[in-house]
Amino acid sequence: ALPARRRSSHKGENGHVLVIGGAVGMGGAVRLAGEAALRAGAGLVTVAAHPHSVAALSARPELMSVAINSCDDLERAVDRASVLALGPGLGRSPWAMEIFGAALAARKPMVVDADALNLLAAAPQVREQWVLTPHPGEAARMLGTTTASIQDDRMTAAASLQSRYGGTVVLKGAGSIVQTARDGAWICDRGNPGMATAGMGDVLTGVIAGIAAQCGDLALAAQAGVYAHAVAGDRAAAAGGGRGLLASDVIAQLRASVNPR
């Protein structure tokens with residue numbers, strides 16, 4: 001997924017990720033996803049967020065930003081992107097539903113997470129050019145069942161999600177499952193309990209989108225992204241312990257995870 005780069009490589013060859021979300025009070029989610037995409041190696045990252053949330057991005061000057069007042073604002077940002085990361089901090093307001101619909105209408109390769117999955121559950125559709133990253137609660141809503149049922153048979157749940165929605169599915173949790181149409185199911189044997197904390201899924205979304213922007217293969221990016229994210233989490237836990245681990249601590253370890261010796 002991440003071969004060695006030519007010395008003459010430039011940022012335009014390494015993909016442009018557009019992170020879409022960040023409703024009022026949720027600017028941190030899109031910032032985490034955007035930073036993770038950069039640390040995973042994307043050449044360019046733009047964050048499209050509600051105007052009230054754009055200020056949260058100022059501490060990371062490498063992130064470009066677009067204040068989304070309307071679908072017209074989003075359309076211009078989408079045109080420049082190679083991969084979308086849809087959902088971090090999106091919410092379920094009328095603004096969120098409008099942005100969600102506009103992003104899907106663009107027909108770009110995308111990673112779909114968080115409230116974008118809840119909106120998708122209300123109006124299911126099938127696509128091949130996306131990666132869906134539900135946690136068990138979101139998976140339950142997407143399949144019309146209970147979280148307990150998902151956890152009782154995670155392998156069947158991942159396969160059912162992929163069959164119903166297409167593309168690649170990452171069923172998050174201890175032993176995350178990457179279910180693809182091409183390669184079947186992969187189970188991640190890395191990660192630790194310290195990663196069960198807020199923002200960790202936003203980071204994973206950014207990592208997968210960042211890798212997809214570079215390699216152009218969504219299924220491969222999901223497999224590599226889940227692994228790199230988990231390895232970064234293990235590095236972060238080894239540095240100071242699992243309890244109190246923050247999503248931003250995992251971002252700090254991503255460079256080592258995507259640049260293995």
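Start by selecting strands β1 (residues 16-21) and β2 (residues 44-49): 6 bridges join them, and they run parallel. Strands and helices here are DSSP runs numbered from the N terminus, a strand (E) having at least two residues and a helix (H or I) at least four. Two strands count as paired if DSSP finds at least two bridges between them. Show Gly-21 next; its bridge partner in β2 is Ala-49.

The model is predicted, so local features need pLDDT of at least 70 and side-chain atom pairs count only at pLDDT 80 or more, while totals for chains, interfaces and linings use all residues. Residues are numbered from 1 along each chain as its sequence is written, and side-chain values use heavy atoms, with hydrogens and water left out.

**The sheet**

Now select all the strands of the sheet. There are 9 of them, forming an open sheet in the order β3-β2-β1-β4-β5-β6-β7-β8-β9, with mixed pairing. Which strands stand at the edges? They are β3 (64-67) and β9 (184-187); each has a single partner strand, so one side of each is left without a neighbour in the sheet. Neighbouring strands are turned by 20° against each other on average, direction ignored. For such angles, axes are lines fitted to C-alpha atoms, for helices over the stretch in contact, and the angles run from 0 to 180 degrees between N-to-C directions.

Contact means heavy atoms within 4.5 Å.

Move to β4 (residues 83-86) and show its side chains. Val-83 and Ala-85 point one way, Leu-84 and Leu-86 the other way, and all are buried. Buried means under 20% relative accessible area, exposed over 50%, and partly exposed in between, using a 1.4 Å probe and protein chains only.

On one side, 4 bridges join β1 to β4, and these strands run parallel. Helix α3 lies across β1, β2, β4, β5 and β6 (130-132), at about 155° to β4.

Select Arg-107, in the loop between α3 and β5. Most residues other than glycine have a negative phi. Arg-107 has a positive phi, near 60°. At 59% relative accessibility, Arg-107 counts as exposed.

Next is Ala-114, in the loop between β5 and α4 (115-122). Ala-114 also has a positive phi, about 55°, although it is not a glycine. Is Ala-114 buried or exposed? With a relative accessible area of 17%, Ala-114 is buried.

Then go to Ser-58, in the loop between β2 and β3. Ser-58 is exposed, with a relative accessible area of 61%. Its side chain reaches the backbone oxygen of Ala-55 at 3.0 Å. A polar contact is a pair of N or O atoms within 3.5 Å; within protein, one must be able to donate a hydrogen and the other to accept it, and residues adjacent in sequence count only if both atoms are side-chain atoms.

Select α8 (residues 200-215). This helix has 16 residues and reaches 23 Å from its first C-alpha to its last, close to the 22 Å expected at 1.5 Å a residue. The expected span is 1.5 Å times one less than the number of residues. In α8, 13 of the 16 residues are buried, so the helix is largely enclosed by the rest of the structure. Gly-201 is in α8 and touches Asp-113 and Lys-172, not counting residues up to four places away in sequence. Just after α8, Gly-216 takes a positive phi of about 75°.

Finish at α9 (residues 218-240). Its end C-alpha atoms are 33 Å apart, which agrees with the 33 Å that its 23 residues should span. Asp-217 caps the N-terminal end of α9, with a side-chain oxygen 3.2 Å from the backbone nitrogen of Ala-219. Just after α9, Gly-241 takes a positive phi of about 100°.
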